[in-house]
Amino acid sequence: MDIELSKADLEFREEVTAFLDGNAYKPGEDYAAWRLNWFKAAAEKGGWDVPKWPAAFGGPGWTPTQHYIWEQETATRNLPWDLPFGVGMVAPIIMTYGNAEQQARFLPDIRARTVNWCQGYSEPGAGSDLAALKTKAELSEDGTHYVVNGSKIWTTMAHIADWIFCLTRTSSEGKKQEGITFLLFPMKQDGVEVKPIITLGGSHTVNTVHFTDVKVPVENRIGEEGKGWTYAKGLLAHERTGLAGVSRSLVALEKLRRQAGKVKRGNGSLLDDPSFKSKLARLEIDLKALEYTELRSLARAAAGAQPGPESSIMKLKGTEIQQRIALLTTEAAGPFAAPWGGASVGPSFASGGTQSYLGSRAYTIYGGASEVQKDIIAKNVLGLKAKSKAS
Ligand SMILES: Cc1cc2nc3c(=O)[nH]c(=O)nc-3n(C[C@H](O)[C@H](O)[C@H](O)COP(=O)(O)OP(=O)(O)OC[C@H]3O[C@@H](n4cnc5c(N)ncnc54)[C@H](O)[C@@H]3O)c2cc1C
């Protein structure tokens, strides 16, 4: 894999920075209007609003190096907020398994970011063992709609979502992976109740969602009834690769290095402290290794391959690194990291440090817990077999 940037790549980088700088948010601007205009301007650049979409659906058809450049440049800037559930998660499912009518109906709004989506997979009793899910969808006698009953849990941003993509059980026959059906339906309707869960870090991002006799037209079913597990599995690999956050970690680590340089220790700074220095160096080495794994994965994607088990390596290592950066940031801030809920004392980088650190504990749980990723790596990368119960 050649990692030297060609002249064309350097020109592309200039084009990207010119676009990002030219469309940056200006203080005092109407944020909501700027956000939607930003995506419009990015679309006019030729699919820059949906960098990972295939060219056939309006994506830019970039090379892996162009994706890498985009990731690097966007990580250092304030982009408009964007939930991963629409463009990054349900859209690839609709493109791959949805019919032409569903593609025409859902993709334009997803792309314009005018509709917020949430992901209804996990349930009480069905997280790592997702196929054990019980939310029931019964087909009406006339075959026109499903009636959905059950509960989802940990549903991120359900409280602002307009639509949900939801795994439901349409049959209990056979293996538990069979009889799962993938449905799309609006959140703002009778029978859908959202309740907040406040997490360890004190924030409200996740919820429980309860369904009581929710009617879902059959036109909103993706693919075949009972085949939802296959569709959902494809999505998980995309989700895991996205959660690795390599570019974000590179930026966060650089920021931490700068901040640590300003924290006094004896005659020097925290960067002269051997223990801190060694933790920082270990993080930099691990992150560099992950960056190369990501580049390999991008090269595979450019050759047309779907994300494979390497997405589990990316998720496992990427989220561990993010947690270690959060921990080291609180270490650098010392007691100034403690104030809660917007209160601030000491250097500005310390503000909310403990809350961020506690929030970061979830990184190795969502998108598939670390233990589960290790199982996948053991089986599909290392070729290890599970020990038989007898041995
Ligand atoms: C902040 C946050 C946001 C989330 N957002 C969403 C969302 O938007 N939509 C959604 O559907 N879900 C979401 N989730 C749910 C997430 O996917 C699940 O929490 C995750 O899959 C783990 O499931 P669980 O919580 O039921 O834990 P469990 O599966 O009960 O696991 C408990 C513990 O047992 C371990 N364990 C389980 N099975 C094994 C095994 N086979 N071998 C070894 N150890 C094992 C786990 O690693 C974990 O440590 C979110 C979770 C969090 C924390």
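1. Basis of the comments. Residue numbers start from 1 in each chain and follow the sequence as written. Because the model is predicted, local features are considered at pLDDT of at least 70 and side-chain atom pairs at pLDDT 80 or more, whereas totals for chains, interfaces and linings use all residues.

2. The ligand shell. The ligand is surrounded by 19 residues, of which Tyr 121, Gly 127, Ser 128, Ala 369 and Glu 371 are the closest; a residue is taken as near when its C-beta atom, placed from the backbone, lies within 6 Å of the molecule or strand in question. By class, the shell holds nine nonpolar, eight polar and two charged residues, where Ala, Val, Leu, Ile, Met, Phe, Trp, Tyr, Cys and Pro count as nonpolar, Asp, Glu, Lys and Arg as charged, and the others, Gly among them, as polar.

3. Position of the ligand. At least two residues of the shell come from each of β1 (117–120) and α11 (370–380); helices (H or I, at least four residues) and strands (E, at least two) are DSSP runs numbered from the N terminus. Because domain 2 (116–226) and domain 3 (244–380) both contribute to the shell, the ligand lies between them, with the domain bounds taken from an automatic or database domain assignment.

4. Strand β4. All seven residues of β4 (residues 163–169) are buried, so this strand is largely enclosed by the rest of the structure; buried here means that 20 or more other C-beta atoms lie within 10 Å of the residue's own, exposed means 12 or fewer, and partly exposed falls in between, with C-beta atoms placed from the backbone. The cover extends to both faces, with Trp 163, Phe 165, Leu 167 and Arg 169 on one side and Ile 164, Cys 166 and Thr 168 on the other.

5. Partners of β4. Strands β1 and β4 run parallel and are joined by four bridges, with Cys 118 opposite Ile 164 in β4; strands are said to pair if DSSP finds at least two bridges between them. With β5 (residues 180–186), β4 pairs in the antiparallel sense over seven bridges, and Leu 167 stands opposite Phe 182 in β5.

6. Strand β5. Since six of its seven residues are buried, β5 is also largely enclosed by the rest of the structure.

7. Helix α1 (residues 7–22) spans 22 Å from its first C-alpha to its last over 16 residues, close to the 22 Å expected at 1.5 Å a residue, the expectation being 1.5 Å times one less than the number of residues. The count of buried residues in α1 is zero, whereas ten of the 13 residues of α4 are buried, among them Phe 85, Met 89 and Ile 94. Helix α4 (residues 85–97) has a kink of about 35° at Ala 91, shortly before the proline Pro 92, the bend being the angle between axes fitted to the seven residues ending at a residue and the seven starting there.

8. Two buried loop residues. Gly 245, in the loop between α6 (228–243) and α7 (246–260), counts as buried because it has 21 C-beta neighbours inside 10 Å. Its C-alpha atom is separated by 6.3 Å from that of Gly 318, although the two residues are 73 residues apart along the chain. Asp 49, in the loop between α2 (31–44) and α3 (64–75), is likewise buried, with 23 C-beta neighbours inside 10 Å, while Asp 49 and Lys 188 are 27 Å apart, C-alpha to C-alpha, and 139 residues apart in sequence.

9. Positive phi angles. Most residues other than glycine have a negative phi. Against that background, Arg 113, in the loop between α5 (100–112) and β1, has a positive phi near 60°, and its 19 C-beta neighbours inside 10 Å make it partly exposed. Met 157 also has a positive phi, of about 60°; this residue lies in the loop between β3 (145–153) and β4 and, with 18 C-beta neighbours inside 10 Å, counts as partly exposed.
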